[in-house]
Amino acid sequence: MSRKLTYGPSFANGVTRRDFTGGIAASIVTIGLPTQSNAEPTPFKFGLTPVFLSNDLELLGHLRTYLASKLDGPVELVTRRTYQEITALLVSGQIQSAWICGFPYVQFKNELDLVATPIWQGKPLYQSYLIAKNDREIADWKGLKGDIHAFSDPDSNSGFLVTRALLAENRLRPDNFFSRSFFTYGHRNIIRAVASELAQSGSVDGYVYEVMRETEPDLIAQTKIIRKSEWLGFPPIASPKSLAFDPRVQALKQALVTMKNDTEGRKVLDLLRLDGFVVTDPTLFDTIAAKVEIVRQFG
Amino acid sequence: MTLIQRLRSIPVSYRVPLMVALLMVVISAVISVRVLDRLSRTQESFLDGLAETYLDGLSSAVVPAVLREDVWEVYDTLDRSSSSYKALAPIETIVTGTNRKVLAASDPGRIPAYSDLPSGYLARYSVKNVTIDTAKLLGFSRRDLTYQGQLIGTIHATFDVSHLFAERREILVTLLITNGVLAILFSLGGFLLVRQMIGPMRVLENHMRKATNGTVEPIAAHEFPKGDSEVTGLFEGYNALVHAERERANFAMQLAEEEKLSSLGRLASGMAHEINNPLGGLFNALDTLKKHGSTPGVSDISINLIERGLAGIRDVVGAALATYRPERSQRPMIEDDLGDVQLLLRPELRRKRQTLDWEVSWNGTDVLPIKGGPVRQAVLNLMLNASAVTPEGGAVSLKAVASAEVLTISIADEGPGMPSTISGILVDQDPGPAVRAGRGLGLWMVRRVVDELGGMAKIGQNSKGGTVVTLVLPFERENVGANAA
């Protein structure tokens, strides 16, 4: 199955996002082990999307250390600015595994296997929030009409698809409901954009929002939640079907599931405010797939 | 009174410090203006450099985002850069696209994304790098963003420049305080210095002021400044002058005394002669009385002769007493005062066989409102001088005319004429040089009398040869009316 990966707007002067990603990608940090010689084993490449809090170097350090110890080999953490880039790398097999969003997972369900799903507050579920500046008086999400709205990523479930589906259910589209919209490529950025009034409202990951309520209460205090979505499948760790029998993918699954039992793994989970990882059935993401269908049907 | 005159009227010990202070104020004003001007230019240059750096960094960071019209990226760049350029204190930065629509501002609540740039913003920029609004203490700068030669947007930046003005104010206050303290110190120093410098001059001034009041005192040794040879020399010169003046005054007094004694001697000689003359007749009369006293008629004649002789002696002695009794000199003048002069002069005239031409016109009054003693003394001196210079057998004359307001007395001789060095004593404005020559002390006494009475003296030529000295003596004012009446 072939899917168009680009949801972003076209750029001025006919320049496409892809034209830029080459340049930008060069500047994006690739965090991994030092340069490997030919004699050393090929590192296990694990992709990370901006699904979680931020590019926290401490978190990345602990995660790499933990995975390297469990996979018994070098691990290279690959980060990119957009979901699309990570998804493309994963689907094309250039990376062995990645923490992606539920939306790309259902888009590429036929090419990807679920490895594990994080458990947050005891369940592998999370919500999408619609947020606005705290001093606005709005009864419900319809009061956001005419706003400048901040989305996270065109391939984000909580940061785009949920709101897009909500509008579609009401026969609306973002471009006629909102006056303007833009992507910030990060859930934390959504909150910053709303707090600074760059955007009047935003679609944000409920898990990130709640964790930031603890880590950055001053920023969160400038915003308020207008609507919470239903519970949806938490962004999972996936790998290409082609690597279904790769022992390192199996080792990764084991490492994730047993993370809560390991000291270094506990540090990772504490930093992420997660309870652990669990192997879930693909049906967990059916609700997201349903939203994709709604959008497809109603535009 | 003009400002300069007012300034000159201030004592020099205050004027100099005042001028030093004024000079310091002017100098400090010039220095302050120069320093602040230089500081202002340095600050503006520094601000231009900072703004240039800020805009350089910002433009290279936002160009890709502006090309993509990526509102978030532009905002994120502005947000992060605001904390990186604290020295510049950017308070607002706005990035617009080619259509002047705002892509993002550092404060989106004030300038929302996708809105039109407020028209006032464009008017804030001049050709300079940073335009400063001194009223609002803000600096403005803009930078066009270009990509492949095409204009794709503009950065509009506003900076807080209040710290620059605070620094200027601080430096101005520092300058004012420093220069003020310096001006006060220099003024105080100038005051003390000038006081010290002119201190000896004040000593000299005080002594000279006392001298004009008649008390000429030398400067005491303890008033001499130590180590100042110039002032010491000046004081020594003044003291030498005082000593010379004192010697001259003593000498003059001595000479005057001698002159007085000389005149007195001549008068005494004349008086002795005047007394001696009748004495022969008196003794003859006494012999006649002794021998022929019983003869009828002889006794009466002899007694009569003795009486007349004694009366003559009494008159001469009386005139001398009247002339040399100071307590009588203040009374108003009567005709007898001149008569006394005639009587005192007679022996000298007789000795030199000189004739006296005497003419007195009192204008029908007996008493003149003028001090009789000094006038008689002056006239006596002049008549004695006239007699002294007139040859034996010659003539001297006196003519006294009293008008309503003045008494004019002319004394003429037949002498060789009065040398100018001596006549100066009578007629010169300042008789000092003639007096100091040590001659004509009799005339100097006349001059003093004339000056004392507020009159004047003239010297003329006698038609018969010789000199005519004329004294014009005004009557005392309060008595003029009474005399006229």
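Residues are numbered from 1 along each chain as its sequence is written, while chains are lettered from A and ligands numbered from 1 in the order in which they are written. Because the model is predicted, local features need pLDDT of at least 70 and side-chain atom pairs count only at pLDDT 80 or more, whereas totals for chains, interfaces and linings use all residues.

**View 1. Confidence along chain A.** The mean pLDDT of chain A is 85. (pLDDT is the predictor's confidence in each residue, from 0 to 100.) In chain A, 84% of the residues reach 70 or more. Over residues 1-37 of chain A, pLDDT stays under 50. Where pLDDT is low, the predicted coordinates should not be read in detail.

**View 2. Where chain A touches chain B.** Here 14 residues of chain A are in contact with 13 residues of chain B. (Contact: C-beta atoms, placed from the backbone, lie within 7 Å.) Strand 8 (180-183) and helix 7 (187-195) of chain A each supply at least two residues of this side of chain A. (Helices, H or I with at least four residues, and strands, E with at least two, are DSSP runs numbered from the N terminus.) Strand 8 of chain A gives the most, with three residues.

**View 3. Helix 7 and helix 8 of chain A.** Helix 8 spans residues 206-215. The axes of the two helices come within 9 Å and cross at roughly 65°. (Axes are lines fitted to C-alpha atoms, for helices over the stretch in contact; angles run from 0 to 180 degrees between N-to-C directions.) Helix 7 and helix 8 of chain A are therefore roughly perpendicular, a term for 65 to 115 degrees. A:His187, A:Arg188 and A:Ile191 in helix 7 meet A:Val208, A:Tyr209 and A:Met212 in helix 8.

**View 4. An open sheet in chain B.** Five strands take the order 7-9-10-12-11, with mixed pairing. (Two strands pair if DSSP finds at least two bridges between them.) Strand 7 (355-361) and strand 11 (456-461) of chain B stand at the edges, each with a single partner strand, so one side of each is left without a neighbour in the sheet. The twist averages 10° from one strand to the next.

View 5. Strand 11 and strand 12 (residues 467-474) of chain B pair in the antiparallel sense over six bridges. B:Ile459 has B:Val469 in strand 12 as its bridge partner. Helix 10 (residues 420-427) of chain B lies across strand 11 and strand 12. Helix 10 runs at about 145° to strand 11 of chain B.

Key:
Two residues are in contact if their C-beta atoms, placed from the backbone, lie within 7 Å. Angles under 35 degrees count as roughly parallel, over 145 as roughly antiparallel, 65 to 115 as roughly perpendicular and the rest as oblique.
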